Amino acid sequence: IYTIPEASAELKKLAQQQLKWLDGQMAGKQFVCGDRFSLADILLYCFLEFGNAVGQPLNTDNKNIAAWFDRVKARPSAAA
């Protein structure tokens, strides 16, 4: 796999900017697509859980995503 290590800082910054945007979009929503749990929730949960595992935790300033993350993590399927 071809990698560009010097790009990592900017890619991390971009990911944080997009999560901040998503946090605003999730205001008042239970899940990414509103009131229903969907593949979007599963993928975002996996992405964020991976970030936690590799030293890039969720910024707690993203209150909507943090609350969402806790709701998804409490689901029995998340423990599987």
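1. Asp-23 counts as buried, at 10% relative accessibility; buried means under 20% relative accessible area, exposed over 50%, and partly exposed in between, with a 1.4 Å probe and protein chains only. Asp-23 is found in helix α1, where helices (H or I, at least four residues) and strands (E, at least two) are DSSP runs, numbered from the N terminus. Leaving aside neighbours within four places in sequence, Asp-23 is in contact with Asp-61, Asn-62, Lys-63, Asn-64 and Ile-65; contact means heavy atoms within 4.5 Å. Ser-77 is 54 residues from Asp-23 in sequence, and the two are 23 Å apart in space, C-alpha to C-alpha.

2. On the basis of the model: this is a predicted model, in which local features need pLDDT of at least 70 and side-chain atom pairs count only at pLDDT 80 or more, while totals for chains, interfaces and linings use all residues. Residues are numbered from 1 along each chain as its sequence is written, and side-chain values use heavy atoms, with hydrogens and water left out.

3. Asn-62 lies in the loop between α2 and α3. Asn-62 is buried, with a relative accessible area of 5%. Apart from neighbours within four places in sequence, Asn-62 is in contact with Leu-19, Lys-20 and Asp-23.

4. Leu-19 is found in helix α1 and counts as buried at 6% relative accessibility. With neighbours within four places in sequence set aside, the contacts of Leu-19 are Leu-44, Phe-47, Leu-48, Leu-58, Asn-62 and Ile-65. Between Leu-19 and Phe-31 there are 14 Å in space, C-alpha to C-alpha, and the two are twelve residues apart in sequence.

5. The largest nonpolar core has 13 residues, of which Leu-19, Met-26, Leu-44, Leu-48, Ile-65 and Trp-68 touch the most other members. A nonpolar core is a set of buried Ala, Val, Leu, Ile, Met, Phe, Trp, Tyr and Cys residues joined through side-chain atoms within 4.5 Å. Two or more residues of this core come from each of α1 (8-25), α2 (39-53) and α3 (63-73). The most is given by α3, with four residues.

6. Met-26 touches Phe-31, Val-32, Asn-64, Ile-65 and Trp-68, not counting residues up to four places away in sequence. Two of these residues, Ile-65 and Trp-68, are named with Met-26 among the core members that touch the most others.

7. The structure holds three aromatic pairs. Rings of Phe, Tyr and Trp (its six-membered ring) pair if their centres lie within 6.5 Å; planes under 30 degrees apart count as stacked, over 60 as edge-to-face and the rest as tilted. The rings of Tyr-45 and Phe-69 are stacked, because their centres are 4.9 Å apart and their planes are at 25 degrees. This pair links distant parts of the chain, with Tyr-45 in helix α2 and Phe-69 in helix α3, 24 residues apart. Both Tyr-45 and Phe-69 are buried. Ring pairs link Tyr-45, Trp-68 and Phe-69 into a cluster.

8. Arg-75 lies in the segment after α3 and is partly exposed, with a relative accessible area of 29%. Not counting residues up to four places away in sequence, Arg-75 touches Phe-31 and Phe-37. Gln-25 and Arg-75 are 22 Å apart in space, C-alpha to C-alpha, and 50 residues apart in sequence.

9. Leu-39, Ile-42 and Leu-43 make a nonpolar surface patch of about 300 Å². Patches are made of residues with over 30% relative accessible area and no salt bridge, with like charges joined within 9 Å and nonpolar side chains (Val, Leu, Ile, Met, Phe, Trp, Tyr) within 5 Å. A salt bridge is a side-chain nitrogen of Lys or Arg within 4 Å of a carboxyl oxygen of Asp or Glu. Ile-42 is found in helix α2 and is partly exposed, with a relative accessible area of 38%.

10. For the chain as a whole, the secondary structure comes to three helices and zero strands, in the pattern α-α-α along the sequence. The C-alpha atoms fill a box of roughly 40 × 30 × 20 Å, taken along the principal axes. Of the 80 residues, 24% count as buried. The chain exposes about 5,800 Å², and carbon and sulfur atoms supply 60% of it; accessible areas come from the Shrake-Rupley method with a 1.4 Å probe, and for residues only the protein chains shown count as cover. Among contacts between residues at least 6 apart in sequence, 64% join residues at least 24 apart.
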